[in-house]
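Hi there,

Here is the structure I promised to send over. Have a look at it first, and my notes follow below.

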Amino acid sequence: MPSFKKIAIAALGVVLTTGAGALAQDAIGKDEFQQRCAACHGMDGRGDGVVAGLFALPPKNLVGLSKANDGVFPRERVYNSIAGTHKIAGHGSSEMPLWGRYFTDEVRRKGIADPTPMQKAESDIVRGRILSLVYYIESIQAE
Ligand code: HEC
């Protein structure tokens, strides 16, 4: 029978490792966001980036997405807005998105059923990049 102390230490380990994982995920997303999105959407996502005033269509305030959606974060729509499968006028065409191939998952976009190992690896990397942004945007939702 394992002692209570051992169980407590194991539980603490799980909390620490999953907590650190979530933190790392958020930190990556935040970094990506500040590099690739903040010029328009603002450093804190409120839609007031330095070039925001240059566009006829104002960049969305991204901290209010849950509020505008009955309190539920629209995870899939946000994912698709970045992946280019949900058309966003301000992001360029899905053929030539603002961020080039960086967030473009060719396998998903072209519906390639049997990707090569290389295509599969690229697709996984892109999916990870997009997900880290989605998690970050979810983490900055305001009431
Ligand atoms: C050149 C300016 C620009 C950049 C850079 C930009 N966006 Fe946008 N974004 C816009 C505009 C403009 C809209 C609003 C379009 C509309 O209202 O139809 C928008 C809308 C969105 C939406 C849609 C919100 C909704 O209602 O579903 C999301 C999500 C989003 N952007 C995420 C991002 C992310 C993440 C990045 C960085 C990878 C980014 N944007 C970079 C201009 C930009």
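Among contacts in the protein between residues at least 6 apart in sequence, what percentage join residues at least 24 apart? The answer is 46%. Please keep in mind as you read on that this is a predicted model.

First, the overall picture. Of its 143 residues, 30% count as buried.

The iron atom of the ligand has two protein donors, H41 (NE2) and H91 (NE2), lying 2.0 Å from it. These two histidines bring together distant parts of the chain: H41 sits in helix α2, while H91 is in the loop between α3 and α4, 50 residues apart. Both H41 and H91 are buried. The site has six donor atoms, with angles of 88 to 179 degrees among them, and its geometry is octahedral.

Helix α2 (residues 38-41) also holds A39. Setting aside neighbours within four places in sequence, A39 is in contact with G49, V50, V51 and A52.

Next comes helix α3 (residues 75-83), whose buried residues are V78, Y79, N80, S81, I82 and A83. The cover over these buried residues includes α4 (106-110) and α5 (117-139). Just after α3, G84 takes a positive phi of about 90 degrees.

For α3 and α5 the angle is about 130 degrees and the axes are 10 Å apart. An angle of 65 to 115 degrees would count as roughly perpendicular and one over 145 as roughly antiparallel, and α3 and α5 are therefore oblique to each other. Their crossing is right-handed. On the α3 side, R75, V78, Y79, I82 and A83 take part, and they meet R127, I130, L131, L133, V134, I137 and E138 in α5.

Happy to talk any of this through.

Best wishes

Methods
Residues are numbered from 1 along each chain as its sequence is written. This is a predicted model: local features need pLDDT of at least 70, side-chain atom pairs count only at pLDDT 80 or more; totals for chains, interfaces and linings use all residues. Side-chain values use heavy atoms; hydrogens and water are left out. Helices (H or I, at least four residues) and strands (E, at least two) are DSSP runs, numbered from the N terminus. Contact means heavy atoms within 4.5 Å. Buried means under 20% relative accessible area, exposed over 50%, partly exposed in between (1.4 Å probe, protein chains only). Donors are N, O and S atoms within 2.8 Å of the metal (3.2 Å for Na, K and Ca); water is not among the atoms, so sites may look incomplete. Four donors count as tetrahedral if all angles lie between 85 and 135 degrees; four count as square planar and six as octahedral if opposite donors are over 155 degrees apart and all others between 65 and 115; anything else is irregular. Axes are lines fitted to C-alpha atoms, for helices over the stretch in contact, and angles run from 0 to 180 degrees between N-to-C directions. Angles under 35 degrees count as roughly parallel, over 145 as roughly antiparallel, 65 to 115 as roughly perpendicular and the rest as oblique. A crossing is left-handed if the near helix is turned anticlockwise from the far one by less than a right angle, and right-handed if clockwise.
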